[in-house]
Amino acid sequence: MIEKFKPTWQVKRIYSLTPEELRKAGIKAVLTDLDNTLIAWDNPEGTSELKRWIAEMRTAKIPVVVVSNNSRPHVKRALSHIELPFVSRSLKPFGYGIHRALKKLNLNADEVVMVGDQLLTDIWAANMAGTKSILVKPLLNSDAWNTKINRFFEYFIKKRLVKKYPGAAWQEEIK
């Protein structure tokens with residue numbers, strides 16, 4: 001049961017992922033959650049670090065697609081300054097949005113990674129869809145009310161994951 005919440009990797013920040021390490025892991029595209037993973041909710045224009053990372057991925061021809069549970073208008077507005085393709089109303093933790101993104105990219109599940117800051121939505125959805133996953137630390141310590149509920153339950157899930165997989169630790173890169 002607890003395995004459905006286990007990420008493939010735990011990396012501190014999405015911005016530390018490099019094209020080289022992604023390719024080495026067989027990754028051809030990055031699917032990412034939006035809020036608190038890719039962008040901080042209080043910085044809709046994105047940081048210079050975010051823009052540098054997206055440029056690096058574009059140069060390396062590694063597509064980045066946002067897979068978000070938010071509405072289309074919210075995601076479109078949030079991404080207006082960084083112009084990324086997206087799947088809104090993805091229904092995470094179900095694999096629906098990830099499958100839509102795979103279809104857009106014309107890739108198989110084993111060729112992408114889903115990156116997110118929540119076990120109960122992002123990682124569970126990746127495992128449901130059969131993709132690799134990366135759990136990242138949230139960019140900010142503050143969350144929307146519904147995410148606060150998820151974080152409460154995640155606390156107990158994380159304790160069980162640590163007990164079952166004691167070697168899991170935050171990394172600087174995927175290994």
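The structure is a predicted model, in which local features need pLDDT of at least 70 and side-chain atom pairs count only at pLDDT 80 or more, while totals for chains, interfaces and linings use all residues. Residues are numbered from 1 along each chain as its sequence is written, and side-chain values use heavy atoms, with hydrogens and water left out.

**Fold and dimensions**
- The chain has six helices and six strands, taken as DSSP runs (helices H or I, at least four residues; strands E, at least two) numbered from the N terminus, and their order from that end is β-α-β-α-β-α-β-α-β-α-β-α.
- Along the principal axes, the C-alpha atoms fill a box of roughly 40 × 35 × 30 Å.

**Burial**
- Of the 175 residues, 47% count as buried, meaning under 20% relative accessible area with a 1.4 Å probe and protein chains only.

**Asp 122**
- Asp 122 belongs to helix α5, residues 119–129, and counts as buried because its relative accessibility is 0%.
- Its side chain makes a polar contact with the side chain of Lys 92 at 2.6 Å, where the term denotes a pair of N or O atoms within 3.5 Å, and within protein one must be able to donate a hydrogen and the other to accept it, residues adjacent in sequence counting only if both atoms are side-chain atoms.

Conventions: Buried means under 20% relative accessible area, exposed over 50%, partly exposed in between (1.4 Å probe, protein chains only).
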